[in-house]
Amino acid sequence: MDNRNRRLDIALGMGLAAFVLIPWYRIEVGFLSFGWLADFPADPAVAPGILHIIGGRWWLSSAALLMAVCAGARFVSDPMRRGALLAWSGALGVFFLSLQGLAVGFSGWTWAISETMFGTLVDGQPSMGAGAVLACVAFVLIFSFGLAERGVMKGDAFIVASIAMLVFLVAIFVFYPVGSMLIGALQDFDGSFNPDGFIRNIQDPSIWSLGCVAGGERCGVAWRTLWLAIMTAGGSTIMGLAFALVATRTRFPFKKGLRLLTVLPIITPPFVIGLALTLLFGRAGVVTQSLSSLFGIEPGRWLYGLTGIWIAQVLSFTPISFLVLIGVVEGVSPSMEEASQTLRADRWRTFWRVSLPLMKPGLANAFLIGFIESMADFGNPLVLGGSHGVLSTEIFFAVVGSQNDPSRAAVLAIILLCFTLTAFLAQRFWLSGKNFATVTGKGDSGIHISLPRPLSIGVHAMVIPWMMFTLVIYGMIVFGGFVKTWGLDNSLTLDHYVRAFSLEFANGTIAWTGVAWNSFWTTMEIALISAPLTAAVGLLTAYLIVRQKFAGRNVFEFALMMSFAIPGTVIGISYIMAFNLPPLEMTGSALILIACFVFRNMPVGVRGGVAAMSQLDKSLDEASLTLGATSFRTIRKVILPLLRPAITAALVYSFVRAITSISAVIFLVSAEYNMATAYIVGLVENGEYGVAIAYSSMLIVVMIAIIAGFQLLVGERRLRRENRVSGIAAAAPTTAIGQEKTA
Amino acid sequence: MTTSGSVVFKNIRKQFGNFTAIHDLSFTIEPGQLVTLLGPSGCGKTTTLRMLAGLEHPTSGRILIGGKDVTMLPANERDVSMVFQSYALFPHMNSLDNVAYGLESSGMRKKDARERAEESLKLVGLAGMGGRLPAELSGGQQQRVAVARALVLEPQVLLLDEPLSNLDARLRRQVRTEIRELQQRLGFTAVYVTHDQEEALAVSDRIVIMKDGDIAQQGSPRDLYEAPASAFIADFMGEANVVPCDVITVGGQDATIRIGAFEHRVPSRNARLGPAKLAVRPNAITLEPATGAAFPGQILHSAYLGAHVEYEVETSNGKLFVVDPAVERPLTPATEVAVGFKGRGIAIING
Ligand SMILES: Nc1ncnc2c1ncn2[C@@H]1O[C@H](COP(=O)(O)OP(=O)(O)O)[C@@H](O)[C@H]1O
Ligand SMILES: [Mg+2]
C-alpha cells in the first residue's frame with residue numbers, strides 16, 4: 001500500500017502546487033524566465049489558480065474541488081472504492097479543465113449556449129499556463145493510478161499512466177488541431193458559426209473547374225494536384241521497379257551505389273531537387289543557356305509548372321519506391337520462377353505470368369506511397385510551381401498571402417486530407433494481407449532467373465541515365481554553392497559560404513556574423529531537443545502496442561499511423577489555427593515546433609520499435625517483473641539495452657526529419673525561431689540561389705556527420721552467439737524507414 | 001529460505017475474450033510442498049501459473065499467497081518468483097548480473113547483491129561462472145542460472161513452468177532430482193508445471209491434474225496412479241488400457257470383476273456392484289500363446305525395444321497396448337493368445 005500512497009502523494013503534490021504555488025495562466029515572456037517570481041502571487045497576471053477562484057473566476061473551482069476529492073480519496077481504505085473514486089475524479093478533472101478552457105476565452109464565453117445558460121461573464125481568461133497544464137497532468141496521473149489500483153493492466157501504474165498520457169498528448173497535438181481546423185472552416189473571424197466562407201470556397205471553380213478537359217481553361221487546383229499525384233506515383237513506381245530489377249536480377253556492376261541512393265532522400269531537404277532543376281533548366285539554367293546560345297532556342301518557362309514539379313517529385317520519390325520494391329522483388333521466391341521454367345515457360349513468359357503478378361500488391365503499395373508523398377510535398381511545388389500551385393502551396397498562400405482567408409485554407413486542407421486519407425485507408429485495408437512476397441524462414445536456395453533480354457535492356461536504359469542525372473543534380477548542389485552568379489558569371493567563389501557562415505574573432509570571442517547562423521543554430525537546437533523526445537515517445541508507444549493488451553489498442557495504433565498520412569501543410573495550418581488563441585497559445589514559440597516534430601515523426605519510431613520489439617522474447621520482460629522490477633525499470637534495464645539499433649534509427653530519423661522538413665515548419669517559424677529550411681526557401685524566393693544552395697549542401701554534410709556520430713554514440717550491443725537479437729541490428733535502420741513508408 | 005507460504009486459489013475463472021481458459025479453479029497448497037500442475041498441452045497450466053505470478057489477472061475469483069490476498073497486485077509486488085520455460089535470461093547481462101538483478105530491483109546495494117548472487121550461484125553448482133553471458137553457458141547451466149535467479153529472492157513460492165523441456169532426456173532426469181533435492185533442503189513452496197507424468201511422479205508431494213481448464217483429480221502421486229478417478233486420468237498417468245467390465249462381488253479389500261468369461265480379483269477401493277471400467281497398465285497384462293482362452297486375443301503388431309517388447313493386441317473388448325518384458329519369446333503378428341492380468345497395476349474406475 002505504501003508504494004501506492006507514495007506515487008499518489010506525488011501526484012497530489014503536483015496538483016496542490018498547480019493551484020497554489022505557480023502562476024495559473026500563461027505568462028507572455030515565458031514561464032522559464034522566472035521573471036514572475038518578483039510579482040508572485042499578488043499580481044493577477046501571475047497569480048496562482050486559488051487566487052483566481054477567489055478573485056471571481058469561479059469556473060476554476062470545479063477543478064479545485066475535484067482535486068480536493070482526490071486528496072480525500074487517499075484515505076479511503078477499501079482499495080476498489082478508493083480506485084474508483086480516484087479514477088472518476090481524475091477523469092472529471094481533465095474533462096472540466098478542458099471544458100472551461102474551451103468555453104471561456106479572452107473576453108468571456110466562447111459559445112452562445114453557455115452565455116444564455118450562465119449569464120454574461122464580465123471577464124474572460126488568458127491561455128492556460130504552467131499551473132493549468134500541471135493540474136491537467138496531475139489529474140491524468142491520478143486517473144491512471146485509480147485505474148491501476150482497480151487492477152487495470154494487471155495493476156501496473158506505469159503502464160496505465162503511459163497509455164493515458166499518450167492518449168492525452170495525441171488528442172491535444174493531433175486530433176485537437178485537426179478538429180479545430182475543421183471547425184475553423186465553418187467559423188467567422190469572431191468565432192461564430194458561419195458556413196458562408198466554407199460554402200463559397202468548397203464551390204470555388206478555381207478548385208473544382210474541369211476546364212482543361214473541355215479545352216482552353218485551366219483545371220481546378222484539386223484536379224491538378226490529383227493528376228500530378230497520379231503521374232508522380234506512376235513515374236516513381238516504374239522507376240523504382242526498374243531499379244529494383246536492376247539491383248536484383250542483373251549483373252549490373254554498381255549495385256552498391258544503387259543502394260546508397262536510397263539514403264539520399266532521407267538527407268536531402270525536399271526542395272533541393274527543385275532548386276537544382278532550376279539551376280539546370282530554369283531560365284538562367286546551364287542547359288537552357290547553352291541550348292539558347294548553340295541553337296538559338298528561346299529560353300522557356302516550361303519548368304515552372306506541373307511538368308517541373310513532376311520531374312522533381314519523380315526524382316525525389318524514386319528512391320523511396322525503390323526501397324519498398326526491392327523487398328518485394330527479392331521476396332518473390334526463386335523456386336516459383338524455377339518451377340515456371342520447368343513447366344516449359346520461357347523467361348519472358350515467366351516474368352509476365354509469374355514474377356510480375358506476384359509483385360502486384362507491392363507495386364500498388366509503392367504507387368500509393370508515391371501518391372501520398374506527392375500530395376504532401378510542399379518544397380518542390382513552392383520552388384517550381386510559382387503561382388500555378390498545387391493544394392499544399394495554395395493552402396500556404398491562402399494564409400500568408402494577400403488573401404489571408406483562413407476559411408479557404410481550411411477548405412483546401414480538408415480536400416487535401418481527404419485525398420491522402422483515402423489513399424492511406426486504401427493502402428491499409430485493401431492491400432493488407434495481400435502481400436504475396438514469399439519470404440520464409442526456410443532458406444530458399446534457388447536463384448532468381450535473369451530478365452528477358454528486351455526488358456533487361458529497357459530497365460538499364462532507364463536506370464543508367466537516371467543515375468547520371470542524379471549524379472549531375474547532386475553535383476550541382478555541391479558545385480552551385482561555389483559559383484558566383486549562376487548562368488551569368490560562372491567564376492568560382494567562396495562568397496556564398498562566407499555570406500552564410502562567416503565568423504569573426506574579436507576580443508577572444510566568436511561573433512557569428514554569417515546570415516545562416518541564426519537559423520542554423522535554432523534548427524540544431526530544436527532538432528536535438530525533439531529527436532530524443534520523438535524516439536522516447538515512439539518507442540514507448542511501440543512497447544505499449546507490442547507488449548500490452550488494452551481495449552482500443554488497435555484504434556490507438558491506427559490513429560497514430562494515420563497521423564503520418566496528414567500532409568505537413570495540413571498539420572501546419574491546423575497548428576496555427578488551434579494554438580493561436582486560448583486555451584493553448586504556442587505559436588511563435590520553440591514549443592510548437594518541437595511538438596510538431598515529435599508528433600509528426602513519432603510513427604517512424606513506433607514502426608521501428610514495433611519491428612524490433614516483436615523479436616524480443618516476451619518472457620524477458622515477464623522475468624524481470626517477477627523478479628520484482630517495475631515496468632519502468634524493466635524498460636530501462638532490459639528492453640532499452642536490447643533495442644539499441646532501433647533507438648539509433650529512431651533518433652537519426654527524427655533528427656534528420658526535423659532538419660529537412662519544410663511543409664509544416666513554414667507555418668510555424670517566427671522571427672525568433674526560424675528554421676534552416678524556411679530560411680532557405682526565403683532565400684530562393686529572393687533569388688539568392690547561391691547562398692541557398694551553399695546552405696543546403698552544408699545541411700547535407702552536417703546531417704551525414706551527425707548520423708555517423710549517433711551511430712558511434714549509441715554503440716553496439718555485446719551479445720555473443722545471440723544471433724536472434726543481433727539480426728535486428730543490421731536490419732533496423734533501413735527497415736524502419738522502409739516500414740514507415742509502407743505504414 | 002526463511003518463509004514458505006501457502007497458496008490458495010478460490011473460484012478462479014479466466015477468460016481470454018470469449019474463450020474461457022480456466023472455468024472454476026479452487027485448490028490449496030500447504031507451505032513447503034512441491035505441487036505439480038499436470039495435464040495435456042493447452043489445458044490451462046501455464047495460465048494458472050501466470051495468474052499466480054501476477055502476469056495475468058483472473059477474470060473473477062481470489063488468489064491468496066501466505067494468507068494475503070494478492071489478486072489485484074502486479075507481478076513485481078508479489079512475493080513469488082518464476083523459472084521460465086525459455087529461462088528468459090537477460091542476454092546482455094552476465095550470469096552474476098542476472099542473478100543480482102532481482103535483489104537490485106528491490107533496492108539492495110550493488111555490492112551486497114553481488115555477494116548474495118555469488119552464493120546463490122554456488123548453491124546451484126555454478127561457482128565462478130558469474131562472468132559468463134547466457135550465450136556462453138550450456139542449456140543445463142542456463143537452466144541453473146534461471147533457478148538461482150529465482151531462488152536468491154527467497155520468495156514465499158517458487159514457480160516453475162516446464163523447467164526441463166529444453167533439456168535433453170539424460171539431463172532432464174539429473175536436473176529434476178537436483179530441483180527436488182534443493183526444494184526439500186531449503187523447504188520452500190513450489191508450484192511445478194509439466195505435461196510429463198513421469199516427471200510429475202518423480203518430483204511431487206502432490207499432483208493436480210488439469211483438463212480443459214478444470215481440475216480432473218488431485219492427490220498424492222500414488223493415489224493418482226493407483227486409484228485414477230476417470231479413464232482420462234488412468235490413461236494420462238500411464239497409458240492405461242480402459243476395458244469395460246462387470247463388478248460381480250465386492251468384499252473387504254478385494255472385488256471380483258468379469259470380462260466375458262474371464263474373472264479376476266482386484267483391490268476393491270469403494271467399487272460398486274454392476275458395470276464399471278477397468279484401468280489396466282500395459283505392464284500388468286500377460287500374454288500366453290493359446291487358442292480358445294477365456295479372454296482371447298490376437299497379436300496385431302509387435303515392436304522390439306531392447307528391454308521389452310510392445311504389442312498391440314486385438315480383443316473382443318477393443319485393442320490393448322501391452323508391454324512385455326519377456327524379450328526372449330517374441331510373439332509374431334497373427335498369433336492367438338490368452339490375455340491375463342497380474343495382481344498390481346489394475347484399478348476399477350467407478351462411474
Ligand atoms: N493470451 C492468451 N490469449 C488467448 N488465449 C490464450 C492466451 N493464453 C492462453 N490462451 C489459451 O488458453 C488455453 C490454455 O493455455 P495454457 O495455459 O498456455 O496451456 P498449457 O496447459 O499448455 O500451459 C489454451 O487454449 C490457449 O490457447
Ligand atoms: Mg504451457
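This is a predicted model: local features need pLDDT of at least 70, side-chain atom pairs count only at pLDDT 80 or more; totals for chains, interfaces and linings use all residues.
Residues are numbered from 1 along each chain as its sequence is written, chains are lettered from A and ligands numbered from 1 in the order in which they are written, and side-chain values use heavy atoms, with hydrogens and water left out.

**The interface**

On the chain B side, 33 residues are in contact with 30 residues of chain A, contact meaning heavy atoms within 4.5 Å. Together the two chains bury about 2800 Å², of which 58% lies on carbon and sulfur atoms; buried area is the accessible area (1.4 Å probe) that two parts lose on being put together, summed over both. Of the area that chain B buries against chain A, 21% comes from Asn76(B), His92(B) and Tyr101(B), more than from any other three residues.

The rule finds one salt bridge across this interface, a salt bridge being a side-chain nitrogen of Lys or Arg within 4 Å of a carboxyl oxygen of Asp or Glu. Arg50(B) forms a salt bridge with Glu622(A), and their closest N and O atoms are 2.6 Å apart. Helix H1 (45-53), strand S6 (80-83), helix H2 (95-105) and helix H4 (139-151) of chain B each supply at least two residues of the side that touches chain A, where helices (H or I, at least four residues) and strands (E, at least two) are DSSP runs numbered from the N terminus. H2(B) gives the most to that side, with four residues.

**A strand residue and the cysteines**

Leu159(B) is found in strand S7 (residues 157-161) of chain B.

Cys136(A) is in no disulfide, the nearest cysteine sulfur, that of Cys70(A), being 13 Å away.

The table gives relative accessible areas; buried means under 20%, exposed over 50%, and partly exposed in between (1.4 Å probe, protein chains only).

| Residue | Relative accessible area | Class |
|---|---|---|
| Leu159(B) | 0% | buried |
| Cys136(A) | 7% | buried |
| Cys43(B) | 2% | buried |

Key:
A disulfide is a pair of cysteine sulfur atoms within 2.5 Å.
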